Amino acid sequence: MSETPAAQHDEAPAPEPLRFFGTTWVDHDGGYAARRAGLGTGALVAAAAGAFLIRFAYQGFDDANVGGFVELLFVVAVAVCTALAFGQTWSGFQRRSQSSRADSRGLLFIGFIGILVAYALRCLTEAPGEGLHRAEYEAARTAYERKAKARRANGKRKRK
């Protein structure tokens with residue numbers, strides 16, 4: 001049975017679950033600290049493994065004797081994509097992205113080390129995306145409480 005739109009608005013807002021954390025970010029319970037430490041460590045290990053793989057790719061260019069210009073282009077492309085991916089991921093923790101991720105999928109694929117480093121650094125202070133979700137959740141709770149208070153006040157007036 002589906003609820004009416006009015007019934008949906010009468011319910012208190014629920015926190016949006018975060019990947020790997022669920023809703024444990026709200027009260028920092030249910031192994032929240034261990035998950036943060038694990039995710040940060042895992043992201044750093046994955047970034048190191050990725051850097052190792054990129055080293056193999058660079059070694060392939062070197063072994064093929066393609067020339068210094070191509071090797072330089074490879075290094076610059078990986079560095080720029082990594083920096084852009086880091087910046088995009090880091091800003092995504094602070095505000096919702098207006099653009100589609102499909103636009104930059106290739107960039108993010110090449111700069112995956114930047115994404116992993118951003119996750120690891122964010123895990124030092126909070127769950128990745130927690131600040132954004134907390135601000136949205138608090139705003140929704142405040143709006144709900146304000147409306148609920150207004151409904152209670154209107155109901156008291158009608159009874160008299």
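Visitor: Which residues make up the largest nonpolar core?
Guide: L18, F21, W25, Y32, L39, C123, A127 and Y137, eight residues in all. A nonpolar core is a set of buried Ala, Val, Leu, Ile, Met, Phe, Trp, Tyr and Cys residues joined through side-chain atoms within 4.5 Å. Buried means under 20% relative accessible area, exposed over 50%, partly exposed in between (1.4 Å probe, protein chains only). Apart from this core lies another, of five residues, among them A47, I54, V78 and I113.

Visitor: Before I go on, what kind of model is this?
Guide: This is a predicted model: local features need pLDDT of at least 70, side-chain atom pairs count only at pLDDT 80 or more, and totals for chains, interfaces and linings use all residues. Residues are numbered from 1 along each chain as its sequence is written, and side-chain values use heavy atoms, with hydrogens and water left out.

Visitor: Back to A127. What does A127 touch?
Guide: L18, F21, Y32, R36 and R122, not counting residues up to four places away in sequence. Contact means heavy atoms within 4.5 Å.

Visitor: Helix 3 next. Which of its residues are buried?
Guide: E71, F74, V78, C81, T82, A85, T89 and S91. Helices are DSSP runs (H or I, at least four residues), numbered from the N terminus.

Visitor: And what covers them?
Guide: The cover includes helix 2 (32-64), helix 4 (105-110) and helix 5.

Visitor: Where is I115?
Guide: In helix 5, residues 112-122. Leaving aside neighbours within four places in sequence, I115 contacts A85, F86, T89 and L108.

Technical notes. Helices (H or I, at least four residues) and strands (E, at least two) are DSSP runs, numbered from the N terminus.
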